[in-house]
Amino acid sequence: MILPVVAVIISYLLGSVSFSVVLAKGLKGIDIRQHGSGNAGATNTLRVLGKGPAILVLGLDVIKGIVSVWLGHWLGGGNPWTASLCGIAAIIGHNWPLYFRFRGGKGIATTIGVMATLFFLPSLYAGIIAILSIVFTRYVSLGSLIFVLLTPIFLVAISGELGPYFWMSLLICVFAFWRHRTNIDKLVHGKENKLGSKGGDRVV
């Protein structure tokens with residue numbers, strides 16, 4: 001029982017490493033949460049620092065999710081609930097990082113790492129549709145929401161089971177929609193920033 005708890009705690013601490021904040025501080029001496037949209041994630045890194053740093057942040061945030069899930073598998077003895085909880089802990093850490101006054105991002109890149117590790121094919125199918133939506137609309141937030149919404153649907157369609165992975169994916173979906181509530185409001189009113197835009201309302 002102790003090892004699974006340790007795995008969840010480590011996953012949260014790993015998720016709390018906000019690479020966008022670290023990179024922006026190292027490259028330009030700025031707090032990225034004070035620029036662009038104010039979000040500590042890959043999209044705002046693209047807006048503030050450019051493509052190279054954004055790709056690096058995206059990759060590292062995805063890796064956080066992957067490592068956390070495998071840590072859960074390892075220390076949890078292969079228990080799917082432990083792996084799922086570790087994934088969720090990493091996402092929570094990204095959104096509310098211990099090291100950065102609990103002001104982080106929205107967790108989509110880390111969510112991609114978590115979901116793709118736990119159930120690859122459903123995540124792949126949902127990801128393809130999400131990417132296409134971003135290509136055609138240039139709304140990253142819309143693509144992110146499509147991804148988290150479709151993944152549990154594809155999971156059930158492929159596996160036909162309502163096991164721990166489904167409930168975890170459903171919880172993450174609800175969580176992501178709640179974190180993107182301001183983006184949803186902007187999408188509805190046509191005020192959401194598109195991919196490549198330099199502006200953005202600072203999140204406070």
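Start by selecting S141, which sits in helix α8, residues 140–159 (helices are DSSP runs of H or I with at least four residues, and they are numbered from the N terminus). Before you zoom in: this is a predicted model, in which local features need pLDDT of at least 70, side-chain atom pairs count only at pLDDT 80 or more, and totals for chains, interfaces and linings use all residues. Residues are numbered from 1 along each chain as its sequence is written, and side-chain values use heavy atoms, leaving out hydrogens and water.

Is S141 buried or exposed? S141 is buried, because its relative accessible area is 7% and buried means under 20%, exposed over 50% and partly exposed in between, with a 1.4 Å probe and protein chains only. Now show the side chain of E192: a polar contact of 2.6 Å joins it to the side chain of S141. (A polar contact is a pair of N or O atoms within 3.5 Å; within protein, one must be able to donate a hydrogen and the other to accept it, and residues adjacent in sequence count only if both atoms are side-chain atoms.) Setting aside neighbours within four places in sequence, S141 is in contact with H180, N183, L187 and E192, where contact means heavy atoms within 4.5 Å.

Next, open up the largest pocket. It holds about 1200 Å³ of space, and the elements giving two or more residues to its lining are α3, α4, α6, α7 (120–137), α8 and α10 (181–188). To find the middle, select A42, T43, I108, V140 and S144, which lie nearest the centre among the 45 lining residues. Which helix gives the most to this lining? That is α7, with eight residues. By class, the lining divides into 20 nonpolar, 16 polar and nine charged residues. (Ala, Val, Leu, Ile, Met, Phe, Trp, Tyr, Cys and Pro count as nonpolar, Asp, Glu, Lys and Arg as charged, and the others, Gly among them, as polar.)

As for how such spaces are found: on a 1 Å grid over the protein atoms alone, a cavity is a set of points where a 1.4 Å probe fits but cannot get out, a pocket is an open set with protein on both sides within 12 Å along at least five of seven lines, and lining residues have an atom within 4 Å of a point. Grid points are joined across faces, edges and corners, and a volume is the space filled by probe spheres set on the points.

A search of the whole structure finds one cavity of 30 Å³ or more. Select I91, N95, K106, G107, T111, I172, F175 and A176 to see its lining. The largest share, three residues, comes from α9.

Now pick helix α4, residues 51–75. After α4 comes G77, with a positive phi near 65°.

Last stop: I32, in the loop between α2 and α3. I32 is buried, with a relative accessible area of 0%. Not counting residues up to four places away in sequence, I32 touches residues including S20, V21, A24 and V48.

Note on methods. The expected span of a helix is 1.5 Å times one less than its number of residues.
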